Amino acid sequence: MALTVHDLVTLPALAAAAPQIVSGSPDRGVRWVHTSEIFDIATLLKGGEALLTSGLGLVGANESRLRAYARSLREIDVGALLFEVGRTFSEVPPAIIDELRESPVALVRLDGVVPFIDITEAAHRLILDAESMSLRASDRATTRFMEVLLNGGGVAGILGSIDDLTGAPAAFIDSEGREIAATGTVPQYARELERPVEVFGERRGSIRSAAAVTADHRVIIDRGAAAMALELTRSGPTMPTRRYAHEQLLQSLLSGDISVTELEARARSLGIVIGQANSVVAVACFIAPGRGIDDGYVHLVDTVPRAFGPSIIGRVGPSVVFISALDRSQPLDSVRSTLTRVTTAPSGLFRSVTAGEIVDTWGDVPSSLRAALDAANLAPLLGQNAVMLAEDTALFRLLRTIDDAGGLDDFVTAQLGAVLEFDARRGSELLSTLIELFRAGGSRTAAARALGIRRQTLYDRIDRLESLLGADALTDSARAVTLHVATLAWAITTRTARAPVGLSDRTRRTSYSAESNSR
């Protein structure tokens with residue numbers, strides 16, 4: 001960081017001269033300190049210097065020449081003019097004051113004679129020390145950012161490095177002033193440590209830090225902005241966008257490394273607010289095999305905001321997830337129908353669509369998101385393609401918990417063992433028939449259609465099931481519920497939604513046994 005006019009006038013070497021800043025900013029930078037009494041000194045300067053003079057070269061100059069002298073310093077953009085009064089002039093000439101008053105050049109009055117050599121030595125020592133420190137900070141930051149770029153750390157890695165080097169959160173702000181990614185809360189008013197990020201002369205955003213304003217931190221932010229520009233150049237179309245911001249927030253929700261306060265702030269910047277009349281739901285849409293995840297993303301970006309308003313939408317693994325606010329009074333059937341409408345794609349884009357619990361606080365949103373993703377993994381086992389709410393998979397999730405603890409195999413064997421054994425010996429499809437009957441809600445017509453068989457064939461299979469399971473197996477409500485739960489438990493233990501068909505007796509029995517014992 002360059003020496004400032006304030007730093008210069010507070011040097012002990014200048015104390016005897018009682019320096020007074022007549023005009024200009026004390027924060028004006030000073031690149032070097034020079035002394036001269038030459039009238040046309042401006043032609044020998046580069047700009048940014050602090051010029052010390054007693055005005056000896058101005059003796060006898062009329063107002064026009066005094067103005068020309070001051071104007072030449074202004075045009076070369078010197079940092080400051082320190083004018084000593086007492087030896088040559090009793091006051092700073094009014095023409096010089098007037099000419100510099102509206103310029104950025106700092107005009108400093110020195111009362112009394114001070115050795116200019118002492119001032120220049122002290123000032124140059126500070127300038128060189130600051131440059132040395134800046135170089136060390138620059139080298140350290142450059143090395144760190146190069147490692148991030150070479151290792152593919154991306155935007156998150158660059159911001160994380162700024163955070164580590166400065167000890168304070170950093171953010172990437174897009175060209176419209178919206179926060180795209182951040183390592184923590186960065187106040188909007190923290191503008192002293194903000195640097196533009198430009199790619200091929202076009203501003204693409206800026207880096208902002210909440211760190212204290214120091215020379216080292218300024219260097220780090222400068223290098224960070226340069227690294228970010230390189231990252232955006234390399235990233236091309238995948239550069240940070242609102243999509244990136246959404247996906248970063250979703251990852252933070254899943255990893256649990258974000259506080260509720262920060263979650264609220266980042267969600268608010270994306271337009272999502274939980275008010276007194278709002279709830280929030282997380283929905284996971286798993287892409288169907290052979291379909292592109294970007295197709296699913298584009299479809300949801302087009303439909304979800306129109307139905308729910310501003311939403312957080314992004315990719316998470318093989319799914320596209322969205323988090324939306326709901327009217328707290330909205331009934332579940334309405335939520336289900338709306339979700340069905342916005343996720344219906346004309347060509348089977350989604351394998352499953354599952355929603356987590358509807359929650360009322362941001363602190364509960366991560367659990368809703370995890371539940372949505374968890375339910376999406378269960379959906380194929382339920383053999384359902386319709387939109388499913390968390391309530392639809394509650395029993396399935398409970399059974400899986402029992403399976404993890406052990407004992408579900410015994411339950412399946414006790415309830416369905418006779419059917420499984422019969423299918424294994426005869427190559428029949430009684431278990432598939434039982435599963436479809438339960439899925440069809442007991443409708444024999446719908447079950448026959450799903451199985452692709454005639455109603456009479458279905459009746460024959462039902463007779464066989466009742467002979468194996470009991471005459472009231474499908475008519476007694478308690479018994480039917482138990483068997484229904486057993487078919488769901490079977491799907492969990494075998495990791496499939498349907499009983500295998502077309503296998504030999506031995507292969508079928510081995511398949512079931514191996515699937516059960518492999519967990």
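A helix here is a DSSP run of H or I at least four residues long, numbered from the N terminus. With that settled, I opened the notebook on this model, which is a predicted one.

**Entry 1: E231**

I started with E231, which sits in helix α6, residues 215–235. Is E231 buried or exposed? I count a residue as buried when its relative accessible area is under 20%. E231 comes out at 7%, so I wrote it down as buried. Next I looked up its neighbours, leaving out residues up to four places away in sequence. The residues that E231 touches are L149, G154, V155 and I158.

**Entry 2: aromatic pairs**

How many aromatic pairs does a search of the whole structure find? My search gave 3. A pair of aromatic rings is described by the distance of the centres and the angle of the planes, so I noted both.

I took F83 with F89 to begin. Their ring centres are 5.7 Å apart and their planes meet at 65°, so I logged the pair as edge-to-face. F83 is buried, with a relative accessible area of 0%. F89 has 19% and is buried as well, because the cut-off is under 20%.

Then I turned to F308 and F322. This aromatic pair is tilted, with 6.2 Å from centre to centre and 35° between the planes. Where do F308 and F322 lie? I found F308 in helix α9 (residues 293–308) and F322 in strand β14 (residues 319–327), so the pair ties together parts that are 14 residues apart in sequence. Both are buried: F308 has a relative accessible area of 13%, and F322 has 0%.

**Entry 3: helix α14**

I moved on to helix α14, residues 430–439. Of its 10 residues, 9 are buried, so the helix is largely enclosed by the rest of the structure. My list of the buried ones reads L430, L431, S432, T433, L434, I435, E436, L437 and F438. What do the buried residues of α14 pack against? I noted α13, α15 (444–451), α16 and α17 (477–494). After α14 comes G441, and I jotted down its positive phi, near 65°.

**Entry 4: α13 against α16**

Two packed helices are described by the angle between their axes and the distance between the axes. For helix α13 (residues 408–426) and helix α16 (residues 455–469) I have an angle of about 130° and axes 9 Å apart. The two are therefore oblique to each other. I also noted that α13 passes α16 in a right-handed crossing. On the α13 side the contact is made by Q415, A418, V419 and F422, and on the α16 side by R464, L465, L468 and L469. Sorting the residues of this contact, I got 6 nonpolar, 1 polar and 1 charged.

**Entry 5: α15 against α16**

Which residues make the contact of α15 and α16? From α15 I listed R444, T445, A447, A448 and L451, and from α16 R455, L458, Y459, R461 and I462. These contact residues divide into 6 nonpolar, 1 polar and 3 charged.

Conventions: Residues numbered from 1 in each chain as written. Predicted model: local features only at pLDDT ≥ 70, side-chain atom pairs only at ≥ 80, totals over all residues. Heavy atoms only, no water. Axes fitted to C-alpha atoms, helices over the stretch in contact; angles between N-to-C directions. Parallel < 35°, antiparallel > 145°, perpendicular 65-115°, else oblique. Left-handed = near helix turned anticlockwise from the far one by under 90°. Contact = heavy atoms within 4.5 Å. Nonpolar A, V, L, I, M, F, W, Y, C, P; charged D, E, K, R; others polar. Phe/Tyr/Trp six-rings, centres within 6.5 Å; stacked < 30°, edge-to-face > 60°. Buried < 20%, exposed > 50% of the residue type's maximum accessible area, 1.4 Å probe, protein only.
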